[in-house]
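User: Hi! I'm new to reading protein models, could you walk me through this one?
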Amino acid sequence: MNIFKADLHIHTLLSPCGILEMSPNTIIQRAQEENLNIIGITDHNSTRQAPLIRKLGVDKNIFVLMGAEVTSKEEAHCLCFFEKESQLEKFQKYLDRYLTNIPNDPTQFGFQVVVDEKENIIYEEKKLLISAINQSIDEIFDTVQNLDGIFIPAHIDKGAFSLTSQLGFIPPDIRAHALEITKRTNLKDFITQFNYLNKFSFIQSSDAHQPEDIGKSYCMFSLEEPSFYEIKKALKGIENRKVEVVQ
């Protein structure tokens, strides 16, 4: 097996809370500087910037998971990833259908734009992307599963927009391929406290909204090669593939 350094929770300038410096080229450059082999693009409730970043990553030997950070109607955040652009497009239509129709105010929340390789703006999202979609955690999981994707509840230890903050606990029967914790939480202590979660793999990510945060929290994958299904195997802990939180 080979070891790959990964940060699976990165926002671009498409997220209203992501600064405009978070362009595709900057993200790839910072990933290189941090010696990241795998990154995940997770804009709020939108996948539209991810395909270009995957394309740019190929030239720099950085594998890019394309996805989104989805806000469920419980207002819990979930990371959702897909292998193919055709799957991503279907998921984008799902997000467009269920995203609450609240207009974005750039002066209050920030701009929501998609850029091309030369950083020309090619699309502006008019709906506020940090709103919740009208779908439950279970409904989002089912949609991701039907598209053969990866589903990871985000920052489950966080005091806002997490399973813990919104539900008051992490359901023992939660359906997920892994769980994400923040860098402030010690995984060993967390598992000791919530022993019923030891069946899950865990990741730790930066949740970067500005370039200097990329790679500041990460995990290590043991894989044959960086690919979608190798990563999925590692999250399931099968065939000697695995993921380890670095603390």
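Predicted model: local features only at pLDDT ≥ 70, side-chain atom pairs only at ≥ 80, totals over all residues.

User: Okay! How many aromatic pairs does the structure hold?
Analyst: There are eight aromatic pairs in the structure. Among them is the pair of Phe141 and Phe151, which is edge-to-face, with 5.4 Å centre to centre and 90 degrees between the planes.

User: Where do Phe141 and Phe151 lie, and what does the pair tie together?
Analyst: Phe141 is in helix H5, residues 137–146, while Phe151 is in strand S7, residues 150–153, so their pair ties together parts that are ten residues apart in sequence.

User: Nice. Which residues form an aromatic cluster?
Analyst: Phe82, Phe91, Tyr94 and Tyr98 form one aromatic cluster.

User: And what sits over the ring of Tyr218?
Analyst: That would be the charged end of Lys5, at 4.3 Å from the centre of the Tyr218 ring.

User: Switching topic! How many helices and strands are in the protein chain?
Analyst: The protein chain has eight helices and eleven strands. Its radius of gyration is 17 Å, close to the 18 Å that the globule rule gives for 247 residues, so the chain is as compact as a globular protein of that length.

User: What does the C-alpha trace span along its principal axes?
Analyst: The span is about 45 × 40 × 30 Å.

User: How much of the chain is buried?
Analyst: Buried residues make up 56% of the 247 residues. As for the accessible surface of the protein chain, the total is about 11000 Å², and 47% of that belongs to carbon and sulfur atoms.

User: Can we zoom in on one residue? Where is Val64?
Analyst: Val64 is in strand S3, which covers residues 63–71. Val64 is buried, because its relative accessible area is 1% and the cut-off for buried is under 20%.

User: Which residues is Val64 in contact with?
Analyst: Leaving aside neighbours within four places in sequence, Val64 is in contact with Ile28, Ile39, Ile41, Ile53, Arg54 and Gly57.

User: Last one: what separates the C-alpha atoms of Val64 and His177?
Analyst: Those C-alpha atoms are separated by 18 Å, and the two residues are 113 residues apart along the chain.

Note on methods: Residues numbered from 1 in each chain as written. Heavy atoms only, no water. Phe/Tyr/Trp six-rings, centres within 6.5 Å; stacked < 30°, edge-to-face > 60°. Helix = DSSP H or I, 4+ residues; strand = E, 2+ residues; numbered from the N terminus. Lys NZ or Arg CZ within 6 Å of the ring centre and 35° of its normal. Rg over C-alpha atoms; globule rule 2.2 N^0.38 Å. Buried < 20%, exposed > 50% of the residue type's maximum accessible area, 1.4 Å probe, protein only. Areas by Shrake-Rupley, 256 points an atom, 1.4 Å probe, with all protein chains shown as cover. Contact = heavy atoms within 4.5 Å.
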